[in-house]
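Let's take a walk through this model together, starting with a sheet and then moving on to some charged side chains. Have a look at the picture first.

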Amino acid sequence: MAAAMAPSAQCSCRRVWPGTLGILCLAACLSAATAAPGALDRPFAAGSAWLLGAQDAGGAWSAGTPRQAIDTLAVLAALSALDTPDAAAAADRARELARGDTASPHQLPARVLAALARDDWQDLVDHRRPDGGWGLAPGWTSDLPDTCLAADALLTAAAAPDAWPPIAAWLIVRQRPDGFWATTDEDAPGQLQLTAMAVRTLLALRAALAESAPQQSLCRAIDDALALALPRLRECERPDGRFSLDSDPAAAPSPTDTAEVYRTLALVDQPGRYATTAALLEALQTPGGAWHEPGRPAQTVYTTAVVLQALGMVRLPASEPCPDLMVTAAGIHLAPEQPRLGDRVAVTAVVFNLGDADASEVEVAFYRGEPGPSSPCLGRRRGLALPARGSVAATLDIAAAGLAAQPVIGIVVDEAGLVRDSNRANNRASRVLPIAGLPEAPATPGIDLAFEPCGVTCNGLSAATIRLDAGPLVDLQIGVGNRGHDAAPAFAIEVRDGDALVARLTLPGLGGGERTALHLPWRPAPGSDQHRLTACLDPADAIPETDETNNRTEKTLLVLGNACSLVAHRSGDDLQAATAFAAFETAIVTPAAPYPGATVELCLVDEAGRRLGLAPAPLTGSTGRFTVNLGATPPGTYTAQAAFRDATTGVLLDSVSMPFTIVPCRALRSPIAVFLSRPIVEGGEIEPLGLTALLENRSNVEVTWELISDLVGPDGQRLGAPRRTAVTLSPQTASASVDLPPIAGALIQPGEYTVRVQAATAEADRPAAGEARFQLLGALHLEVTNAAEPARVGAGALARVRTILRLQAASGATGLQVPVRVEALRLDPSPALHDDSTQTATLTATGVLNAYDQVVADGTRVLVLASYGLFPDAEPPPEAPDHPRLCLCTVRNGGFTLPYRPAGGVLRPGQHSVARLDVVQYFPESTAWFGKTIGTAEVFLSGPATAEP
């Protein structure tokens with residue numbers, strides 16, 4: 001790649017640039033230096049003050065260095081959230097400096113800065129290379145950071161739309177098979193930043209190209225690239241919140257990598273999932289307010305700016321994942337699809353779980369007609385289990401003989417509300433069951449008026465909540481039928497909203513077996529949200545019928561938008577409004593007003609009218625709803641305020657407020673993470689074993705926790721008295737690492753020991769506990785033997801005595817299944833291979849031993865990690881199912897075999913390299929599932945024998 005770059009090698013200050021610099025906010029800074037007001041927390045305020053102090057008198061950051069343009073871009077994007085005179089003045093100076101630079105900038109960041117300041121994009125467009133990307137300077141090959149930087153600026157300005165498809169194609173082609181973007185095929189510094197910026201740019205391109213019909217195939221290719229990359233970024237999250245390719249917890253976290261990936265994933269995931277990341281970034285801030293990248297002091301301005309951009313995003317504390325059950329009309333299947341009268345029909349409803357948590361004991365109810373109190377239940381299927389993001393099919397056999405023509409089959413999932421469902425609005429669906437072969441006249445004699453097939457619907461929907469987005473009127477559709485044989489004379493239909501009469505209509509008559517639908521405009525009474533609609537056929541009972549029980553139907557509605565209103569629900573319970581919430585609960589707030597197309601501004605304030613630092617975020621997949629995670633907000637009374645503005649003029653149309661309370665909460669996130677200083681201990685009077693507990697706080701008041709640690713032996717018996725440690729956590733403490741009394745004393749029985757830690761307080765809202773395990777070796781003794789050589793000597797002759805020392809397990813202790821070393825690793829046919837993906841070698845391990853130098857039992861699992869290449873058709877570990885260079889091996893007869901092949905295409909003729917194959921310990925269902933390395937083999941790689949034409 002370096003050979004393809006012209007005219008010369010890059011300078012030593014070459015850096016990884018941000019792909020999406022918050023260009024929209026940046027443009028606002030350069031044009032007017034204004035931003036939305038909001039409360040700034042301490043880390044953001046301190047970091048912003050540090051950046052303002054680092055500005056040069058001329059208006060730039062890192063002035064006089066090759067980083068001047070890129071650092072200035074990053075700082076302006078970070079300061080866009082500040083609504084202060086100092087920030088506005090700093091932006092003005094930077095804008096004037098960029099606008100006054102009339103000399104043609106040589107490097108791309110300077111071109112982007114000048115284009116934004118002058119609002120002139122032609123120079124940037126002219127320097128695009130024929131392959132669709134941009135390079136650092138004229139004559140340089142296209143590279144990822146420069147292409148993303150230019151693409152994001154053009155997308156924000158809606159400039160050069162003809163260049164957008166080639167940019168997307170350029171990015172897609174350069175994605176590696178493992179989902180990452182990088183400059184090499186190996187894991188390397190900058191890989192996470194490059195992937196994060198590429199994903200952000202593709203997300204913007206996907207949104208820009210979505211409305212273009214000719215680009216649908218390209219949009220699908222973008223979706224495929226994102227589907228490959230996003231899981232890889234999520235896999236790089238570590239327990240302490242960092243994002244890193246290195247899983248070693250002792251390695252220094254990179255604030256730049258962590259902030260870049262956090263900014264990307266917060267665009268597609270609920271930001272609350274990464275509350276630990278936000279807390280880690282705050283903890284890495286220096287007392288002066290800056291953030292330092294380890295080993296890169298010249299990058300401090302850029303690192304600080306990138307972290308502030310991440311902290312300036314919506315930062316919702318983590319909420320517990322919930323299921324989201326859903327059933328759709330398209331997911332209701334019939335067998336046979338066209339049943340005839342007298343057939344039995346298998347009705348199958350496919351139920352989906354869109355959430356991030358499993359659901360158990362799910363019930364699916366089948367109704368004749370739209371589900372409701374007046375509809376007969378045909379049957380229920382109970383005890384269904386739905387994994388997260390999975391589905392299950394529920395089937396019920398029904399007889400078509402007893403159903404009316406074209407009946408409606410209604411499906412309700414979790415009707416009793418036993419599952420903590422995050423969205424109950426998608427738990428109902430219905431489908432018409434077409435029955436062929438019915439006689440033209442119904443079998444029922446006489447007259448039988450009924451509401452069918454769907455009773456009363458509003459705006460074509462049978463949902464229990466409607467929004468008046470299109471105006472104050474609701475289209476009531478009333479389905480009426482005569483199930484009898486005889487024709488019905490004229491009859492009345494009466495519709496009421498509670499006790500108020502909505503309409504009284506007269507139908508001229510209805511023939512036997514005939515059905516019709518009436519449309520009625522209804523304007524809900526202003527100022528009321530809850531409505532009970534009642535429809536009645538022949539209310540005076542003037543017509544004798546064979547069945548008078550089906551002449552009435554009722555529907556309860558929540559109408560939003562008839563008057564300014566705010567309705568709040570707990571996440572997972574959309575059926576009941578709530579005004580009191582606990583800490584870290586997620587509130588779903590729905591503002592509504594009779595102003596079609598109006599924009600909504602929602603904020604939360606305390607009793608003194610001060611705005612809280614909780615940013616309501618639009619709920620994904622929903623219109624006009626906001627989600628707010630209350631986090632560690634102190635107990636008290638608060639107010640949600642919504643302002644409705646005209647979307648065109650911005651004029652304030654109306655406003656509404658809703659009080660709510662946050663109750664005290666004393667809890668920890670469970671389970672507690674427990675760490676031991678080592679996993680294997682020698683029996684006897686053991687060396688003290690360090691014990692640490694990581695507490696994730698979930699309280700909004702100060703709580704003193706008593707941590708109780710117990711030691712449980714291999715036989716399940718508790719050893720010794722519990723040890724107690726007190727720790728006090730304030731609401732501002734996101735997590736705390738607590739050193740507990742070490743495990744000490746005499747331990748004799750070999751096997752697995754469990755350390756259990758429980759947090760207790762008299763006022764706890766929920767218990768929290770955790771555990772860790774270690775293996776105890778049986779007592780060892782030293783065996784000393786002397787051997788003479790030769791064994792027999794004559795008088796006066798010399799003999800050589802050799803002393804042999806060997807540790808042996810006392811009492812013949814066995815059964816330790818933790819491998820500690822591999823006696824031999826061999827690569828066959830040879831450890832020297834060409835870098836060719838068609839070549840395959842076999843790695844053979846012999847002598848997988850435990851700490852007693854015994855062969856571990858059959859079935860013991862180990863991991864093998866390749867620094868380069870992959871293992872074809874190998875079993876991946878569940879913790880990293882998509883990692884191509886990591887696989888699980890099962891020990892049989894003390895060893896295992898594993899096929900290995902190089903990736904190919906990296907080394908050129910005459911080049912050589914070495915790849916490592918490491919065997920490491922594997923601990924399933926453990927936080928630290930990677931153990932230490934117990935064996936290493938080296939693969940000597942060389943380029944192909946001859947160059948390819």
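Let's begin with an open sheet built from five strands, in the order S27-S33-S32-S29-S30, with mixed pairing. Strands S27 (680–682) and S30 (718–729) sit at the edges with a single partner strand each, so each has one side left without a neighbour in the sheet. From one strand to the next, the twist averages 25°. For angles like that, axes are lines fitted to C-alpha atoms (for helices, over the stretch in contact), and the angle, from 0 to 180 degrees, is taken between N-to-C directions.

A quick word on the terms. Strands are DSSP runs of E with at least two residues, helices are runs of H or I with at least four, and both are numbered from the N terminus. Two strands pair if DSSP finds at least two bridges between them. Strands of a sheet pair through backbone hydrogen bonds, either parallel or antiparallel.

If you want to spot one of the contacts, find Glu-682, whose bridge partner in S33 is Leu-777.

Before going on, keep in mind that this is a predicted model, where local features need pLDDT of at least 70 and side-chain atom pairs count only at pLDDT 80 or more, while totals for chains, interfaces and linings use all residues. Residues are numbered from 1 along each chain as its sequence is written, and side-chain values use heavy atoms, with hydrogens and water left out.

Now for the charged side chains. Side chains of opposite charge can pair when their charged atoms come close. How many salt bridges are there? Counting a side-chain nitrogen of Lys or Arg within 4 Å of a carboxyl oxygen of Asp or Glu, the total is 24 salt bridges.

Take Arg-176 and Asp-178, whose side chains meet at 2.6 Å, N to O.

Another salt bridge joins Glu-363 and Arg-380 at 3.0 Å, N to O. This pair links distant parts of the chain, with Glu-363 in strand S4 (residues 359–368) and Arg-380 in strand S5 (residues 377–386), 17 residues apart. Glu-363 counts as buried because its relative accessibility is 16%, whereas Arg-380, at 27%, counts as partly exposed. These two also belong to a salt-bridge network with Arg-382 and Glu-415.

Notes. Buried < 20%, exposed > 50% of the residue type's maximum accessible area, 1.4 Å probe, protein only.
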